[in-house]
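Open the model in a viewer and keep the sequence panel beside it. Each stop below says what to select and what is there.

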Amino acid sequence: MRALLVANPAATTTTRKVRDVLVRALSSELDLELAETAHRGHARELAAQATADGIDLVVTLGGDGTVNEAANGLLTAGPGPDVPMLAVVPGGSTNVFARALGRSRDPVEAPGEILDSLRAGRTRLVSLGTAQARTDEARTGEQGTAEGWTTPRWFVFAAGMGFDADVISRVEAQRARGRRSTGSLYIGAGVNAFLLGRDRRRPPITLEASGEAPVDGLFLALVSNVSPWTYLGARPIDPSPEASFDTGLDVFAMGRVGVVRMLHHVRQTMAARPDARGRGVHRWHDLGELTLTSTRPQGWQLDGDHLGTTTGLRVRSVPDALRVVV
């Protein structure tokens, strides 16, 4: 089996030693090539070339951003039988997609698990999502369509508009100054965004879904393709516990809330049996598509990557989009 290992040397927990162990282990049974990413978007380029070259398997070593780029590269021309399989080795700080596939958090153990799965034929098709941003406020450089929306971009586990994207933007700014990605960094960014941001006081977002009445006055809209939505260290944060690779998309949204109620809902999402409900909370399960619009520009994110601001986001579920090693 021909395989390509796409390694991100800048990922939080990725080291040269881990990469070398991974290469030796996978090369024992696979015809393996190694490629290291050198810039943003490089994993997408490498995965797209792997598809064109007829590679059977792409393995990523990095965080969720590396997985997202690889998935977008593999699916450049859309789902199909000629798209390579994807296997994931956790090398970032959170690794939501890898955990959703049942992968060990230890990257040294992951290659043995991948080889065992390949021998046993443990692969499956998973649903993914696509998102398009309205181009009037989309990030400079995004390719627009004739209808005024960016071309669809794939996400593997989460999309969002509003508060969560603001938090990610603040974290990315801190990381650009040399800070490491830690739980405390996200907590600090979340507290600052909630207390200092204006959007939760004058929520600007409206959600529309087929067959559902529009809901406006939202400052946060989390779209989940899997449960949990993310982790704080080892602790899952799970606003949409019914989300699954086997169904459509789930959404957790919030309207205007104060500090006390916000803390209450956060605790609900982190409970042993998460079930966040109550005033200001809106939830949807198994949606095929939805649209988020805003009266003023809002940040948006896919798989934890901040992608700029927009006043609209179209999100769609695509069943059986990609075959993965589980």
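The tour goes from aromatic rings to helix packing and then to backbone geometry.

The model is predicted, so local features need pLDDT of at least 70 and side-chain atom pairs count only at pLDDT 80 or more, while totals for chains, interfaces and linings use all residues. Residues are numbered from 1 along each chain as its sequence is written, and side-chain values use heavy atoms, with hydrogens and water left out.

**Stop 1: aromatic rings**

Rings of Phe, Tyr and Trp (its six-membered ring) pair if their centres lie within 6.5 Å; planes under 30 degrees apart are stacked, over 60 edge-to-face and the rest tilted. Four aromatic pairs are counted under this rule. Select Phe-163 and Phe-194: the ring centres are 6.3 Å apart with the planes at 90°, so this pair is edge-to-face. Phe-163 belongs to helix α6 (residues 163-176) and Phe-194 to helix α7 (residues 183-196), so the pair links distant parts of the chain, 31 residues apart. Helices (H or I, at least four residues) and strands (E, at least two) are DSSP runs, numbered from the N terminus.

Buried means under 20% relative accessible area, exposed over 50% and partly exposed in between (1.4 Å probe, protein chains only).

Phe-219 lies in strand β9 (residues 215-224) and Phe-163 in helix α6, so the pair ties together parts 56 residues apart in sequence. Phe-219 is buried, with 1% relative accessibility. Show Phe-163, Phe-194 and Phe-219 together to see one aromatic cluster.

**Stop 2: a charge over a ring**

Select Arg-99 and Tyr-231. The charged end of Arg-99 sits over the Tyr-231 ring, 3.8 Å from its centre. The criterion is NZ of Lys or CZ of Arg within 6 Å of the ring centre and within 35 degrees of the ring normal.

**Stop 3: helix packing**

Show α6 and α7, which pack at an angle of about 125° with their axes 9 Å apart. Axes are lines fitted to C-alpha atoms, for helices over the stretch in contact, and angles run from 0 to 180 degrees between N-to-C directions. The two helices, α6 and α7, are oblique to each other; angles under 35 degrees count as roughly parallel, over 145 as roughly antiparallel, 65 to 115 as roughly perpendicular and the rest as oblique. Residues making the contact (heavy atoms within 4.5 Å) include Phe-163, Asp-166 and Arg-170 of α6 and Leu-185, Tyr-186 and Phe-194 of α7.

Next, show helix α2 (residues 42-52) and helix α3 (residues 64-74), whose axes come within 7 Å and cross at roughly 35°. Among the contact residues are His-42, Arg-44 and Thr-51 of α2, and Thr-66, Glu-69 and Leu-74 of α3.

**Stop 4: backbone geometry**

Most residues other than glycine have a negative phi, and most peptide bonds are trans. Which kind of peptide bond joins Ser-227 and Pro-228? The bond is cis, with omega about 0°. Pro-228 is in the loop between β9 and β10 (230-232).

Select Asp-286, in strand β13 (residues 281-287). Its phi is near 60°, a positive value in a residue other than glycine. Asp-286 is partly exposed, at 43% relative accessibility. Finish at Asp-320 in strand β15 (residues 305-325), where phi is also positive, near 50°.
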